[in-house]
Amino acid sequence: DIERVINMIKANPNADINMEDFTRSIFILAINMRSSDIHITPTDKSLHIHFRIDGVLQLVYSMPQTLANRFISNIKVRSGMDISEQRKPQDGRISFEFLGKTYDMRVSTVRTVYGENVVIRILGASSSLYSMPNLGFDDKDLAKLEIAFSKPYGIILISGPTGSGKTTTLYAALRRINALEKNIMTVEDPIEYKYPMARQTQVNELAGYDFSSAIVSFMRQDPDVILIGEIRDAKTAQMAIRASMTGHLVLSTIHANDCIGIIPRLKDLGADSFLIASSVVALVSQRLVRKLCPFCKQEVETSREDMEFLTIDKPISIYKKHGCPKCNFTGYIGRTVVSQILLINDTIRNLIAQDEPLYKIEKEAYESGMRTLLDDAKRKVLQGITDIDEVLRVFGR
């Protein structure tokens, strides 16, 4: 249907197109291809549609520029935006039903040289909750996380860039908490997973309901576990730490490059070193790497460069991507987590409280068993889960 519409427009720019059906077809294709985002980008002569699949943008269609205004206007109407306003950025939402499932789509527009650029984030309103092993955590990491999430109080922070699966990990962690005996409350922006065992709320900036004010209201609701979507400002950081020090287990995400980087990030948000030391239970940093397609991955022997990268001293067999119709010729299907986990022991707690340099904290962390993100990624290469090319794409050369 999509190609038919594009060909009709090419043959006759003024052709009468049912834009509702065309937009619906784009949404269905994106869902079927496991896309997390749809990018609609106008240029001087054409309109490009990209899907982000397993974290990578893929060009799906290029179509005549004459289709741009009608297509983008239809999306803006569906998402409740002002179609007459094309100068200012706008945000909206679409609720889309397909095969008995409802998908929440967050829509964002911004004006560019050639017209409005649209990005649509696809969120499954009924997304299934994953377990920690299914996300890619190994037995050693699971044992560490079991210790952390069994604590009655304190704060556990997960760091990583946007789209690295932090919220998914938080909800997988919630499944390891006995929800029948715990009052679990969450505040998110937006709610990505429906969890019947928790009291979930959503940020509403217009009503003055943000992360920090949510924590204040939660404290009157007798919570055991508080999940905060993201710590992004000083007030939220302060309230989260205060809640963790008054008998509550607080789970949240924060932007930092690795576990050690979370400490200066909290300080940058105004948290005192002794409060960080006394409240933080565990720090987790993660990335997502694509998994090799099981239908077409190829077994190869490591080259000298591969051996140097993997820090091994003799050739072994590993797997590399190939490409087939099952994986849309990318060589990859799905993603797995690459993680770094730091349990805060007494020595590290004292180093943080005394404001010792980060290199001393990092040295003690590695001596206590923490590994680097890259080391965990290399381990997944050796296990045949991913390949060196994908690791280099995520972590650089």
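## Helices 2 and 3

Helix 2, which covers residues 19–32, packs against helix 3, which covers residues 68–78, at an angle of about 80 degrees and with the two axes 10 Å apart. Because of that angle, helix 2 counts as roughly perpendicular to helix 3. The model described here is a predicted one.

The residues of helix 2 that take part in the contact are Met19, Glu20, Phe22, Thr23, Arg24, Ile26 and Phe27, and they meet Arg70, Phe71, Asn74, Ile75 and Arg78 in helix 3. When the residues of this contact between helix 2 and helix 3 are sorted by class, six are nonpolar, two are polar and four are charged.

## Helices 12 and 13

Helix 12 (residues 346–353) and helix 13 (residues 358–367) also form a packed pair, in which the axes lie 10 Å apart and the angle is about 175 degrees. Helix 12 is therefore roughly antiparallel to helix 13.

On the side of helix 12 the contact is made by Thr347, Ile348, Leu351 and Ile352, while helix 13 contributes Lys360, Ile361, Glu364 and Ala365. Sorted by class, the contact of helix 12 with helix 13 holds five nonpolar residues, one polar residue and two charged residues.

## Helices 14 and 15

For helix 14 (residues 373–382) and helix 15 (residues 388–395), the packing angle is about 160 degrees and the axes are 9 Å apart. The crossing in which helix 14 passes helix 15 is right-handed.

Leu373, Leu374, Ala377 and Val381 of helix 14 make this contact together with Ile388, Val391 and Phe395 of helix 15. Seven residues of the contact between helix 14 and helix 15 are nonpolar, and none is polar or charged.

## The second largest pocket

Rolling a probe the size of a water molecule over the atoms shows where empty space is left. The second largest pocket has a volume of about 290 Å³, and its lining consists of 14 residues, of which Asp91, Gly92, Arg93, Arg106 and Asp189 lie nearest the centre of the pocket.

Strand 4 (90–98), strand 5 (101–112) and strand 6 (115–124) are the elements that each give two or more residues to the lining of this second largest pocket. By class, the lining of the second largest pocket has four nonpolar, four polar and six charged residues.

Methods. Residues are numbered from 1 along each chain as its sequence is written. This is a predicted model: local features need pLDDT of at least 70, side-chain atom pairs count only at pLDDT 80 or more; totals for chains, interfaces and linings use all residues. Side-chain values use heavy atoms; hydrogens and water are left out. On a 1 Å grid over the protein atoms alone, a cavity is a set of points where a 1.4 Å probe fits but cannot get out, and a pocket is an open set with protein on both sides within 12 Å along at least five of seven lines; lining residues have an atom within 4 Å of a point. Grid points are joined across faces, edges and corners, and a volume is the space filled by probe spheres set on the points. Helices (H or I, at least four residues) and strands (E, at least two) are DSSP runs, numbered from the N terminus. Ala, Val, Leu, Ile, Met, Phe, Trp, Tyr, Cys and Pro count as nonpolar, Asp, Glu, Lys and Arg as charged, and the others, Gly among them, as polar. Axes are lines fitted to C-alpha atoms, for helices over the stretch in contact, and angles run from 0 to 180 degrees between N-to-C directions. A crossing is left-handed if the near helix is turned anticlockwise from the far one by less than a right angle, and right-handed if clockwise. Contact means heavy atoms within 4.5 Å. Angles under 35 degrees count as roughly parallel, over 145 as roughly antiparallel, 65 to 115 as roughly perpendicular and the rest as oblique.
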